[in-house]
Number of protein chains: 2
Amino acid sequence: MENSGRVVERVAGTTGGKMVLLVADGLGGLPHPETGLTEAETARTPNLDALASAGVSGLHVPVARGITPGSGPAHMALFGYDPVRYEIGRGVLEALGIDFDLRDGDVAVRMNFATIDAEGKITDRRAGRIPTEKCVELSERLNTIRLPGVELFVKPVKEHRAVLVVRGPGLVGGLNDTDPQATGVPPNGLRAEDKAQEHTVEVLNAFLGAAFELLKSEPRANALTMRGIASLDKPPSFQKRFKVRAAAIAGYPMYRGVAGLVGMEVLPQAGDNDELVRLLRESYDDFDFFFVHYKKTDSTGEDGDFDAKVAATEAFDELAGRVDEVGPDVLLVTGDHSTPSMLASHSWHPVPVLLRAESARVDGVTSFGESSMLAGGLGMIRATDILPIMLAHAGRLAKFGA
Amino acid sequence: MENSGRVVERVAGTTGGKMVLLVADGLGGLPHPETGLTEAETARTPNLDALASAGVSGLHVPVARGITPGSGPAHMALFGYDPVRYEIGRGVLEALGIDFDLRDGDVAVRMNFATIDAEGKITDRRAGRIPTEKCVELSERLNTIRLPGVELFVKPVKEHRAVLVVRGPGLVGGLNDTDPQATGVPPNGLRAEDKAQEHTVEVLNAFLGAAFELLKSEPRANALTMRGIASLDKPPSFQKRFKVRAAAIAGYPMYRGVAGLVGMEVLPQAGDNDELVRLLRESYDDFDFFFVHYKKTDSTGEDGDFDAKVAATEAFDELAGRVDEVGPDVLLVTGDHSTPSMLASHSWHPVPVLLRAESARVDGVTSFGESSMLAGGLGMIRATDILPIMLAHAGRLAKFGA
């Protein structure tokens, strides 16, 4: 995978057609037991069916067979990055998810407010799910902590969840969690596993000391735990690797964050299909590559609501038709992973992928869906193959070797 | 890829059936807009259809998804070598293309005769495309240059193109091009990027000094540029890796060169189907494995001539029938890459592959073509999988592990 990735970088040129990568989050599904049809197969999708007829289809494996990806790895793979090599730590994803402007070398930490007893043992790992307003108040209080040699940022997320970002020289990620994932025991201490981690452990211990002091009189949120301590290790830039000016159009901070992480220009937040299409049209002349993200196929799948996911897929079909009308030379429609309503969660199942381009070797597939696209001309590909395929059809890749 | 390659080497035995790898260069195509049929699907191919019916089919990906391979990488992959790891430098391919007998450690350079003005700036990067006879004369003149510690060979190619081979200890490839790919500027100087390159830079600079002296009174070809400076890093031998006596039957120097590079015995140049078949029959008892190369499917595709590629495919069908009659235990028919007439160039699209062998798990495919073979029993494979599959069906691979 890395070999072919390096080949793409070597042969990528700066001229060629315009591309749109249209992603329906959690697109793949599982058959309804009564009908034997998945959400996508149940939905009325005239635009996607027409695109499938005019193009070439297949399925993609997001990370590896059997592996259920989170949103971070799934999108890194769609963007052409090996999601295992360019793993995004949980703390970093949380910070991206609240639109925090992370810089290279920052260490980000997911924090939970918690309740401890007089002996320091955890009695509630979520501080009774304090309301978000309380989380905001406590985060602002902790945000006053100052430590020598580093900058500290404490930001509220939701209910008992907050994010800490530490900025300064010599910080590293990969530390153990202090959250013991159990009650009746105190939080774990932070341990430096090697010399490189010692400074970061000292800084975080100093922060924890000051934070526990500021929280000690709280009835419920009188403590906190840390998880997913991760440093931001910026991947090589998308523009530099693939020689395209790339823009991201999305409504949710996490996807905007991952796109920004690889150096895409993140356009203003888009709320609905109208806004997604308007942003695409307005910025169409300024970029070569557009990542357009549609969310509802995932959230309805996560809710386990088959009918709602069918409706979300139909709304996505409407979006696909309008994006196609904008007229990119290469349109690739896919999902980042599957979120079958029957599982009410992300899953490892392969994801439909369809390409519309002049140089497509058009196959016999005429309808959009997991079963029909099994017979498609793309076959079963890896998610990391998608970007090279798009670049090839946009005429942006030179020959490898003479 | 390399892991499975190593497994093949470990389990390969010296006895088993005879194999023919029959390659139609640039075989894969794209549908004609009026008929929806590719060149191979349009062609009348009774022999290939019969082989598809009797055997098992699929498609192969030459290097990686989206990557358009040159002839060098595409053939290395067909021969079972990772084409990225065993990359053949441009200078080396040029030298192989004129049938030069390269040795391990030789450094080969593609040279262009060029025109410079009084200030040394390039005014014509191709010296007005001097006739080939002039190129021969100038190459012979440069071939008289002698330098201490190295052997030098200057060979004409065509028009303004020539090849320099330097033989001697301590030479390395990977140097920068002196061709600036522009006019109005002087040729680039050679730069040693590390200590290992210094000696080669000195040798090539001394050659350039002597060459410019010998060319200075020429009206047009009064200078030259260098490109693709590459050393020959011989891949492990085919015979040693796969335990077969292998022969190459081809009409064009480059394919003969790549086959020779991996240690195949290169049989006399064959001009047409009659000669290809005669050489196969005459040498049939002396080898276990034959690589037979057919060129016209590529050259007609490169010309963008759909009908001519259809005709070339029909002539290839005739060749396939005659090769089959010779009776190899394993016959594998494929291309090295696609060259769709619609693109008039090599492309990244997967390539039909069909295997006829007694142990083939015969599938339902009954016609030769990109669409029909999508449903074949081999599925979508990598080009480097082809050789292990052939060896297996020839009964030449022992069990891996107890």
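Visitor: Which residue in strand 11 of chain B is the bridge partner of Val23(B)?

Guide: That's Thr334(B). Strands here are DSSP runs of E with at least two residues, helices are runs of H or I with at least four, and both are numbered from the N terminus.

Visitor: Before I go on, how should I read the model and the labels?

Guide: It's a predicted model, where local features need pLDDT of at least 70, side-chain atom pairs count only at pLDDT 80 or more, and totals for chains, interfaces and linings use all residues. Residues are numbered from 1 along each chain as its sequence is written, while chains are lettered from A and ligands numbered from 1 in the order in which they are written.

Visitor: Back to that strand, then. How many bridges join strand 1 of chain B to strand 11 of chain B, and do they run parallel or antiparallel?

Guide: Five bridges, and strand 1 (19-24) and strand 11 (330-334) of chain B run parallel. Two strands count as paired if DSSP finds at least two bridges between them.

Visitor: What's the strand order of the open sheet in chain B?

Guide: Eight strands, ordered 9-8-10-1-11-12-2-13, with mixed pairing. At the edges are strand 9 (265-266) and strand 13 (379-382) of chain B, each pairing on one side only.

Visitor: Which strands does helix 3 of chain B lie across?

Guide: Helix 3 (46-54) lies across strand 2 (56-61), strand 11 and strand 12 (351-357) of chain B, at about 65° to strand 12. Angles like that run from 0 to 180 degrees between N-to-C directions, with axes fitted as lines to C-alpha atoms, for helices over the stretch in contact.

Visitor: How many residues sit between strand 5 and strand 6 of chain B in their hairpin?

Guide: Two, and Glu159(B) in that turn has a positive phi of about 50°. Strand 5 (151-158) and strand 6 (161-167) of chain B run antiparallel, joined by seven bridges. Val154(B), for instance, has Leu164(B) as its bridge partner.

Visitor: New topic: which residues of helix 10 in chain B are buried?

Guide: In helix 10 (273-282) of chain B they're Leu276(B), Val277(B), Leu279(B) and Leu280(B). These four cover an arc of only 160° around the axis, so they're on the same side of the helix. The arc is that of the directions from the helix axis to the C-beta atoms. "Buried" means 20 or more other C-beta atoms within 10 Å of the residue's own, "exposed" means 12 or fewer, "partly exposed" is in between, and C-beta atoms are placed from the backbone.

Visitor: And which exposed residues are on the face turned away from the buried side of helix 10 of chain B?

Guide: Asp274(B) and Glu282(B). The buried residues of helix 10 pack against strand 8 (246-249), strand 10 (289-294) and helix 12 (306-326) of chain B.

Visitor: How many of the eight residues of helix 14 of chain B are buried?

Guide: Seven, so helix 14 (386-393) of chain B is largely enclosed by the rest of the structure. Among them are Ile386(B), Met390(B) and His393(B). After helix 14 of chain B comes Gly395(B), with a positive phi near 70°.

Visitor: How many residues of chain B are in contact with chain A?

Guide: 26 residues of chain B, against 23 residues of chain A. In contact means that the C-beta atoms, placed from the backbone, lie within 7 Å. On chain B's side, helix 4 (71-78), helix 5 (90-97) and helix 13 (370-374) each give two or more residues. The largest share, three residues, comes from helix 13 of chain B.

Visitor: Is Glu370(B) buried or exposed?

Guide: Glu370(B), which lies in helix 13 of chain B, is buried, because 26 other C-beta atoms are within 10 Å. Leaving aside neighbours within four places in sequence, Glu370(B) is in contact with residues including Arg361(A), Gly28(B) and Pro352(B).

Visitor: And chain A: how many helices and strands does it have?

Guide: Chain A has 14 helices and 13 strands. Its C-alpha trace spans about 70 × 55 × 35 Å along the principal axes, and buried residues make up 53% of its 402 residues.

How values were computed:
Contact = placed C-beta atoms within 7 Å.
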